[in-house]
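Morning, everyone. Please bring up the model on your screens, and I will walk you through it.

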Amino acid sequence: MKAWKGKRVLITGAAAGIGRALAERLGARGAELILTDRDEAPLAATADAIRGAGAIATHHVLDVTKGAAILQVRDAIHASGGPIDVLVNNAGVVFGGAFLDVPLQKHLDTFSVNVLGLVSMTNAFLADLVGRPRAHLVNVASAAGLTAVPFASTYASSKWAVVGFSESIRLELARLGHRHVHVTTVCPLYVSTGLFEGARPPLFTSMLTAAQLADEIVEGVERDDVFVRTPWLVKLVPFLNGVLPTRLADALSTALGAAGSMEQWTGRAPEAPKAPARRASGRRPR
Ligand SMILES: NC(=O)c1ccc[n+]([C@@H]2O[C@H](COP(=O)([O-])OP(=O)(O)OC[C@H]3O[C@@H](n4cnc5c(N)ncnc54)[C@H](O)[C@@H]3O)[C@@H](O)[C@H]2O)c1
């Protein structure tokens with residue numbers, strides 16, 4: 001996607017964080033933004049701010065876990081301006097903690113938003129992309145989709161699912177002859193949006209800002225990159241996990257602080273565990 005002007009770009013989870021930062025950049029490049037989020041007030045505020053900066057933006061309240069609502073919003077988008085050119089599946093949630101300390105419903109919600117929501121959005125809008133002369137599917141996964149993350153087991157596994165889905169769809173589109181639909185999978189380490197409050201970035205890395213990541217995503221999409229893996233350490237993860245014996249990879253992850261990076265996660269209120277010291281698992285954080 002080299003030129004954004006006039007391209008209709010739908011972003012999920014656009015009210016805050018990475019989604020909002022991306023919207024600001026793409027709006028400044030002339031994209032026609034379709035901003036969606038489950039949270040109405042922050043979504044409206046973000047859309048107002050982006051329009052105030054001179055960009056073209058409409059917004060729709062949309063919870064990606066609600067299949068019927070996705071189809072209603074798709075109909076409204078088609079009726080008001082036609083098919084989209086770019087879908088950015090960005091909405092995501094995380095609930096850190098030892099597996100048994102996190103209520104089952106939160107584990108299920110993680111899969112519901114991060115995986116099923118993303119699949120449902122892609123199912124609803126992929127035909128739009130295929131029908132356009134040039135189109136792009138951007139799936140925001142995570143570095144957690146490339147390696148094991150203790151104290152975030154369902155988050156990590158949901159992102160593994162996103163990586164597997166995204167890569168499979170990319171090859172499927174190519175085999176079907178739809179090479180004009182590019183797919184980029186985004187795998188960042190920690191970003192200072194509040195979602196991962198309390199998490200500690202591994203050695204030799206620091207928290208990215210949403211603005212830094214959004215710049216890298218835009219550049220990656222403009223180059224039709226298959227992956228945006230950032231910071232640099234994340235680029236090594238698939239190679240290291242592939243060539244090192246598993247126990248050695250475990251030891252390296254521990255030494256770098258990656259394996260323990262989620263142990264102090266609090267997240268932003270009200271999602272933070274209320275009493276992290278009293279763990280149902282009986283385990284003490286290391
Ligand atoms: N922040 C990080 O450190 C980090 C690292 C790697 C990957 N990611 C991924 O980046 C994406 C964005 O994260 P962020 O840090 O900007 O988070 P954020 O919480 O700041 O923003 C996420 C947005 O998604 C929305 N959302 C949540 N559930 C939704 C649903 N069911 N339907 C529609 N919207 C929903 C929220 O309302 C929020 O506005 C997520 O997929 C996350 O997993 C974040």
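**Confidence and overall build**

Mean pLDDT for the chain is 94, with 94% of its residues at 70 or more. That score is the predictor's confidence in each residue, from 0 to 100. One stretch, residues 271-280, has pLDDT below 50. Beyond near neighbours in sequence, this stretch makes nine contacts in the model; a contact means C-beta atoms, placed from the backbone, within 7 Å. Where pLDDT is low, the predicted coordinates should not be read in detail.

Two housekeeping points. Residues are numbered from 1 along each chain as its sequence is written. This is a predicted model, with local features needing pLDDT of at least 70, side-chain atom pairs counted only at pLDDT 80 or more, and totals for chains, interfaces and linings using all residues.

Now size. The chain has 286 residues and a radius of gyration of 19 Å, which agrees with the value near 19 Å for a compact globule. The radius is taken over C-alpha atoms, and the globule rule is 2.2 Å times the number of residues to the power 0.38. Along the principal axes, the C-alpha atoms fill a box of roughly 55 × 40 × 30 Å.

**The sheet and its helices**

The chain contains eight helices and seven strands. These are DSSP runs, numbered from the N terminus: helices are H or I, at least four residues, and strands are E, at least two. What is the strand order in the open sheet? It reads β3-β2-β1-β4-β5-β6-β7, with parallel pairing. Pairing requires at least two DSSP bridges between two strands. β3 (56-61) and β7 (227-230) stand at the edges with a single partner strand each, so one side of each has no neighbour in the sheet. Twist averages 15° from one strand to the next.

Look at β4 (86-89) and β5 (135-140). Four bridges join these parallel strands. Leucine 87 sits opposite leucine 137 in β5.

Helix α2 (40-52) lies across β2 (32-37) and β3, at about 175° to β3. Helix α6 (210-222) packs on the sheet too, touching β5, β6 (181-188) and β7, and makes about 150° with β7. Axes are lines fitted to C-alpha atoms, for helices over the stretch in contact, and angles run from 0 to 180 degrees between N-to-C directions.

**One backbone detail**

The peptide bond from threonine 230 to proline 231 is cis, with omega near 0°. Proline 231 is in the loop between β7 and α7 (232-243).

Key: Two residues are in contact if their C-beta atoms, placed from the backbone, lie within 7 Å.
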